[in-house]
Amino acid sequence: MAGESPKFYTVAEVASLARVSRMTVYRMIHSGELPAIRFGSSYRVPASAMESIVTALEVEDGFGEGRAAGGR
């Protein structure tokens, strides 16, 4: 990671990637479910946190567990 700067997402980018509203992202940040860094009056979400949330949602939702084979 030498020479690379950390990647951060805006609240709008997180909402778009997760297909949820910006308010949902703000709620997740304020509840501590989604780590974020505050810059002035805005928040930035580290890419690593976004990857963790996506992985958690995939496991919770059953992705990768043969969902189609489950009759859905």
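Biologist: How much of the protein chain counts as buried?
Modeller: In this predicted model, 22% of the 72 residues count as buried. Buried here means a relative accessible area under 20%.

Biologist: Why is K7 called partly exposed?
Modeller: Its relative accessible area is 48%. Buried requires under 20% and exposed requires over 50%, so K7, at 48%, falls in between and is called partly exposed.

Biologist: Where is K7 found, and what does K7 touch?
Modeller: K7 lies in the segment before β1 (8–10). Leaving out residues up to four places away in sequence, K7 touches V45, P46 and A47. Touching means heavy atoms within 4.5 Å. From C-alpha to C-alpha, K7 and V45 are 8.6 Å apart, although 38 residues separate them in sequence.

Biologist: What makes the largest nonpolar core a core?
Modeller: Its members must be buried residues of the nonpolar kinds, joined through side-chain atoms within 4.5 Å. The largest such set has 14 residues, and Y9, V11, V14, V25, I29, L34 and V45 have the most contacts inside it. At least two residues of this core come from each of α1 (11–18), α2 (22–31), β3 (42–46) and α3 (47–61). The largest share, 4 residues, is from α3.

Biologist: Which residues is V25 in contact with, beyond its neighbours within four places in sequence?
Modeller: V11, V14, A15, V20 and L34.

Biologist: What pattern does the protein chain follow along the sequence?
Modeller: The order is β-α-α-β-β-α, with 3 helices and 3 strands.

Key. Residues numbered from 1 in each chain as written. Predicted model: local features only at pLDDT ≥ 70, side-chain atom pairs only at ≥ 80, totals over all residues. Heavy atoms only, no water. Buried < 20%, exposed > 50% of the residue type's maximum accessible area, 1.4 Å probe, protein only.
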